[in-house]
Amino acid sequence: MQITASTVSLTVDDVTASQAFLTTHLDYTVQAAADGFASLTRADAVAIVLLARGIEVLPSEQRDQHATGLILAFTLADGLQDQEKRLREAGVEITMPLREEPWGERLFQITDPNGVIIQFVEWTAPAHTES
């Protein structure tokens, strides 16, 4: 198997709201869009497809599902604190403030208008623990 690309498909109530949020704040580009559908790309990240909840292209058992229980995580090479500041200054609510976990993960979260949790991560050396 040779995978040539990765895409996450999210079923949301308002495709336009998530599309605007992702293009405005995360520099995604619209590759294609139609009523109830948007395909977003970014050269350095997973592609995102947004589908309107209830859209008939989905099998009937999937149409009313909503993108919940999911965290869309992006690992940054550096500048995590700068990105948190940029988003906050742009009016984006930081739904989990910047913090550092003992295993070396620094992270913060935002949530898009449809409730999709977006997490930004930067890995550091883990804190020394006594045995």
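R106 has E122 in β8 as its bridge partner, and this pairing belongs to the antiparallel arrangement of β7 with strand β8 (residues 117-123), which extends over seven bridges. Strands here are DSSP runs of E with at least two residues, helices are runs of H or I with at least four residues, and both are numbered from the N terminus; two strands pair if DSSP finds at least two bridges between them. The model is a predicted one, in which local features need pLDDT of at least 70 and side-chain atom pairs count only at pLDDT 80 or more, while totals for chains, interfaces and linings use all residues. Residues are numbered from 1 along each chain as its sequence is written, and side-chain values use heavy atoms, with hydrogens and water left out.

Strand β7 (residues 105-111) is mostly covered, with six of its seven residues buried, where buried means under 20% relative accessible area, exposed means over 50%, and partly exposed lies in between (1.4 Å probe, protein chains only). β7 also runs antiparallel to strand β6 (residues 94-100), to which four bridges join it, and within this pairing I94 has I110 in β7 as its bridge partner.

| Hairpin | Residues between the strands | Glycine with positive phi |
|---|---|---|
| β6 and β7 | four | G104, about 100° |
| β7 and β8 | five | G115, near 90° |
| β2 and β3 | two | G36, near 80° |

In the loop between β6 and β7 lies E101, which counts as buried because its relative accessible area is 14%. The side chain of E101 makes a polar contact with the side chain of R99 at 2.8 Å; such a contact is a pair of N or O atoms within 3.5 Å, of which, within protein, one must be able to donate a hydrogen and the other to accept it, and residues adjacent in sequence count only if both atoms are side-chain atoms.

Another part of the model is an open sheet of four strands in the order β1-β4-β3-β2, with mixed pairing. Its edge strands are β1 (7-12) and β2, each of which pairs on one side only, and the twist from one strand to the next averages 15°. Helix α1 (residues 15-25) packs on this sheet, touching β1, β2, β3 and β4 (47-52), and its direction makes about 160° with that of β4. Contact is taken as heavy atoms within 4.5 Å, and axes are lines fitted to C-alpha atoms, for helices over the stretch in contact, with angles running from 0 to 180 degrees between N-to-C directions.

Within the sheet, strand β2 (residues 29-34) and strand β3 (residues 37-41) pair in the antiparallel sense over five bridges. T29 stands opposite T41 in β3, and A34 has F37 in β3 as its bridge partner. S39 is placed in strand β3 and counts as buried because its relative accessibility is 10%. Leaving aside residues up to four places away in sequence, S39 touches T29, V30, Q31, A32, I48 and V49.

In strand β4 is L50, which is buried because its relative accessible area is 0%. With the same exclusion of residues up to four places away in sequence, L50 touches L10, V15, S18, Q19, L22, G36, F37, A38 and L40. The C-alpha atoms of L50 and D78, which are 28 residues apart along the chain, are separated by 28 Å.

A search of the whole structure finds three aromatic pairs. The rings of Y28 and F74 have their centres 6.4 Å apart and their planes at 55°, so this pair is tilted. Rings of Phe, Tyr and Trp (its six-membered ring) pair if their centres lie within 6.5 Å, with planes under 30 degrees apart counted as stacked, over 60 as edge-to-face and the rest as tilted. Because Y28 lies in the loop between α1 and β2 and F74 in strand β5 (residues 71-75), the pair ties together parts that are 46 residues apart in sequence. Y28 is buried, with a relative accessible area of 4%, and F74 likewise counts as buried, at 12% relative accessibility. Y28, F74, F108 and F120 together form one aromatic cluster.
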